[in-house]
Each structure stands twice: as C-alpha cells, then as structure tokens.
Amino acid sequence: MKIGTYFEEAQCGFTPRTAMEEAARCLLCYDSPCSKGCPAGTDPAKFIRSIRFRNVKGAAETIRENNVMGGSCAMVCPYDRMCEEACSRCGIDKPIEIGRLQRFAMEQEAAFGMKILVAPEEKKAGKVACIGSGPASLTCAAELAKAGYEVTVFEAMEKAGGVLTYGINYSRLPQEVVDRDIQAVTDLGVEIVCGCKVDAKKIEELKADGYVAFFVGAGLWAAKLPDIEGANLAGVKTAVDFLKDARVSGGKADMGKKVIVIGGGNVAMDCALSAKLMGAEHVAIWYRRTIEEAPADIAEIEHILSLGIPMTTNFAPDFLEGDGKVEFMHFKGRDGVSSAKVQVDTVVFAIGQAPEEMAEIAEFAKNPKGGLVVDESGKTNLEGFFAAGDIVNGGKTVVEAVAGGKAAAVEMIAYLEKR
C-alpha cells in the first residue's frame with residue numbers, strides 16, 4: 001500500500017452521488033436504533049433521512065444543533081461499535097456508513113458557507129468559565145451559550161481544541177475540520193482565551209470578576225512513563241508529547257529512523273501512524289497482551305497493519321539502554337522465558353495519561369479531602385464546579401466527551417437557574 005504524507009487524509013469522503021446512494025440504503029426504521037446508539041445524541045436517523053431526500057442543509061442543521069463538534073466526530077468517532085453497530089441493515093448485508101454520511105453533511109456545510117448556530121439575542125445573568133478547550137469543554141460552552149449564558153473558555157495552550165488539535169494524527173483529523181467546529185462554538189458568542197492556565201489564584205480572580213460556575217474539561221496532559229531503567233534517556237517520549245510535537249512541527253519532528261511504540265490502544269496506533277507518515281524507516285508496535293486483548297478499535301489496527309507496521313504482542317518493556325540517548329529497547333515475554341533486544345532511535349510510551357489539574361481543582365475550593373468526585377451527570381463535590389471528558393472518564397472517545405459535556409451543561413443550567 002502507498003504511504004501518504006502527514007497531511008494526506010487517510011480516507012476519502014462521499015461525493016453527492018455516492019452519499020445519496022448510501023443514504024438510500026437506509027430502512028427508515030421507526031424506532032431509529034442508530035440514533036439510540038449515539039452517545040452524543042447526534043440523531044443519525046434524522047440526518048440520513050435528510051440526505052436521502054436531498055435536504056443537505058437540513059442534515060447539517062441536525063448534526064450541528066445536536067453535536068457542535070459534529071465535524072470532528074465525523075472523522076474520528078468509532079461508528080463500528082456505536083451507531084453503525086446498532087443499524088438494522090447489519091442483519092441484511094452491512095450497516096449504513098453513518099460516519100461518512102455525517103462527514104459529507106459537514107463538508108457541505110463548509111462548502112456552501114452555512115452558518116447554522118447563531119448567538120441568542122438575550123443574555124442571562126451569571127458568567128461561566130470552562131477550563132480547557134477540548135471537545136467536552138467546547139460542547140458544554142456551546143450548550144450554555146445557547147441557553148443565554150455568557151461563557152469564556154480558558155485554554156493553557158496556544159491553540160484551542162485540546163486533544164483534537166494536539167493529540168490526533170492530522171491524516172485522521174485535519175485541523176481545518178477542528179477549526180470549523182471551534183468556529184461554530186464562537187458563533188454562539190463564546191469567547192476563547194488561549195495561553196491562559198487556570199490555577200487556584202486565577203479561579204479567585206474569576207470569581208471576583210463575576211464568574212459563578214466552572215466547568216473542568218482540562219483533559220489528560222500529564223506525562224506518564226513506566227518506572228523502568230533508562231526511561232529518562234533522550235529519545236524516550238510519552239504519546240502526548242510525541243503527538244503534540246508532530247502536530248506543532250507540521251509532521252517534521254526529528255525522531256530518527258527507527259521508532260518503537262509501546263501500547264495497544266488507539267493512541268498507540270495514532271503514534272505509529274504519525275511516525276510512519278513523518279518518514280521513519282522502521283516503525284513497530286509492541287504490546288504486552290494479544291491483539292484480541294488490545295483496546296484499540298479493530299479498524300485502527302487493520303489500518304496500521306495495512307501500512308506494513310508490525311505489531312509484536314505478548315512482550316512487555318523490561319529496560320532501555322543507551323549512552324545519554326536511547327539505543328536499545330529490551331523486552332520480556334509474557335511466558336516468563338522469552339526476551340528481545342531491539343535497536344531503536346525513539347521509543348514512544350502510549351500507556352495512558354493522567355490529569356495535571358486534579359490537585360489544583362481541589363485547591364480552588366480549598367477542599368479538605370483533596371480530591372474531586374464527579375458523578376455521571378457532571379456534578380462534583382465542590383460547590384459551583386462541574387466536570388466531564390477525559391479528566392473524568394480516564395480517556396475515552398471524542399463522542400463520549402461530547403456526551404459528557406452536554407450532560408454537565410444540563411446540570412450547570414439547572415444550578416444557574418436556582419441562584
């Protein structure tokens with residue numbers, strides 16, 4: 001298979017003709033199981049009907065009104081285990097390609113310059129701050145803005161988008177798609193302030209400035225490396241730092257010729273894909289369990305294997321070797337007997353992330369227990385604080401972050417109305 005460039009999209013979208021043909025396969029189910037299978041409530045049954053009857057604007061409206069991050073979700077959502085898995089055509093031939101139809105509608109929105117979301121004329125009392133600008137935070141901000149509240153999103157990094165901007169391979173999620181989703185949020189009157197890290201002092205300043213409720217969607221940006229010998233060598237990176245460097249450098253980050261990625265999740269697949277597209281001569285994934293046990297979506301694994309990236313299983317990291325910079329990676333087999341030694345220039349550990357802000361959030365309200373407890377609705381044990389997204393669920397999908405942001409917004413609106 002031909003290896004594309006870092007900026008070349010991994011999959012092509014539908015043309016108007018192929019989109020209409022695919023939508024025509026829809027059985028127009030009365031109970032719409034596909035819509036029930038979408039965590040964010042994007043309502044694919046409704047937008048597929050619109051496309052089927054050539055109402056593309058109506059399809060874009062359904063998506064954008066229900067899911068402000070509809071463009072990004074169209075590119076990276078694991079449809080095969082959500083709405084497409086619920087599709088009634090699964091029992092006949094194959095499910096409707098809901099993801100590509102959603103992408104088509106969002107591309108038409110961009111092509112024709114549709115402006116679907118408009119800021120409400122009247123504002124309600126009570127300013128709200130959203131910490132972080134990932135999908136959960138942007139969704140929550142949009143829902144609050146639609147309800148008439150003044151919302152400001154504070155982002156520590158230079159650009160908004162969180163994991164969408166810094167943590168996903170460009171070929172899977174082009175930045176222009178993320179930017180259109182962000183524009184849909186700001187069209188509602190939401191202000192985004194970048195380069196502003198929110199700490200305990202900043203919270204007090206915001207309270208003094210009239211902010212009465214806070215949403216925490218700061219994501220998982222803390223580095224996580226295993227406690228093994230050599231983990232501090234140059235050339236050893238976390239997945240978060242590796243993917244961020246790839247995006248910021250425009251796919252030109254220096255990683256050497258030989259790259260090993262440790263892990264079996266979607267983030268590991270993204271790291272391996274990025275390394276391959278950036279020109280590494282040899283990229284390999286090593287995972288401590290079997291492929292069947294790997295948490296990555298099967299479509300992601302298949303794509304990686306199709307590019308000639310091998311995935312060695314049942315081997316865990318033992319230690320790293322090198323003179324100041326990593327030169328060799330040592331593995332131990334799951335059977336307790338086998339071992340391996342591999343020459344390498346860069347090692348990327350995609351073994352999970354952790355939040356940076358949890359301790360600070362507790363400090364915001366001077367919580368004596370020193371922790372943040374969040375329920376499924378997004379309410380926390382701290383007065384006026386709500387949370388959702390990766391910082392709560394440990395790092396799941398974009399669409400689940402959107403769902404969490406919507407749920408938290410409902411609770412925040414109820415809280416604000418009672419004040």
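The second largest cavity has a volume of about 80 Å³, where a cavity is a set of points on a 1 Å grid over the protein atoms alone at which a 1.4 Å probe fits but cannot get out. Grid points are joined across faces, edges and corners, and a volume is the space filled by probe spheres set on the points. The model is a predicted one, in which local features need pLDDT of at least 70 and side-chain atom pairs count only at pLDDT 80 or more, while totals for chains, interfaces and linings use all residues. Residues are numbered from 1 along each chain as its sequence is written, and side-chain values use heavy atoms, with hydrogens and water left out.

The lining of the second largest cavity consists of 15 residues, a lining residue being one with an atom within 4 Å of a point. Cys 38, Thr 42, Tyr 79, Cys 83 and Gln 102 lie nearest the centre of this cavity. At least two lining residues come from each of H3 and helix H7 (98-111); helices (H or I, at least four residues) and strands (E, at least two) are DSSP runs numbered from the N terminus. Sorted by class, eleven of the lining residues are nonpolar, four are polar and none is charged. In this scheme Ala, Val, Leu, Ile, Met, Phe, Trp, Tyr, Cys and Pro count as nonpolar, Asp, Glu, Lys and Arg as charged, and the others, Gly among them, as polar.

The largest cavity is lined by 15 residues, with Cys 26, Leu 27, Cys 29, Cys 34 and Cys 87 nearest its centre. Helix H2 (33-36) and helix H3 (44-52) are the elements that give two or more residues to this lining, and H3 provides the largest share, three residues. Eleven nonpolar, two polar and two charged residues make up the lining of the largest cavity.

Turning to the sheet, five strands form an open arrangement in the order E3-E2-E1-E4-E13, with parallel pairing. Strand E3 (191-194) and strand E13 (385-387) stand at the edges with a single partner strand each, so one side of each lacks a neighbour in the sheet. Neighbouring strands of this sheet are turned by 20 degrees against each other on average, direction ignored, the axes being lines fitted to C-alpha atoms and angles running from 0 to 180 degrees between N-to-C directions. Within the sheet, strand E1 (residues 127-131) and strand E4 (residues 211-216) pair in the parallel sense over five bridges; two strands pair if DSSP finds at least two bridges between them. Val 128 stands opposite Ala 213 in E4.

Strand E12 (residues 346-349) is covered on both faces, with Thr 346 and Val 348 buried on one side and Val 347 and Phe 349 buried on the other (buried means under 20% relative accessible area, with a 1.4 Å probe and protein chains only). E12 pairs in the parallel sense with strand E5 (residues 236-238) over three bridges, and Lys 237 stands opposite Val 348. Parallel pairing also joins E12 to strand E6 (residues 258-262), over four bridges, where Val 347 is the bridge partner of Ile 260.

Helix H8 is mostly covered, as eleven of its twelve residues are buried, including Pro 135, Leu 138, Cys 140 and Glu 143. Gly 148, with a positive phi near 105 degrees, follows H8.

Technical notes
On a 1 Å grid over the protein atoms alone, a cavity is a set of points where a 1.4 Å probe fits but cannot get out, and a pocket is an open set with protein on both sides within 12 Å along at least five of seven lines; lining residues have an atom within 4 Å of a point. Buried means under 20% relative accessible area, exposed over 50%, partly exposed in between (1.4 Å probe, protein chains only).
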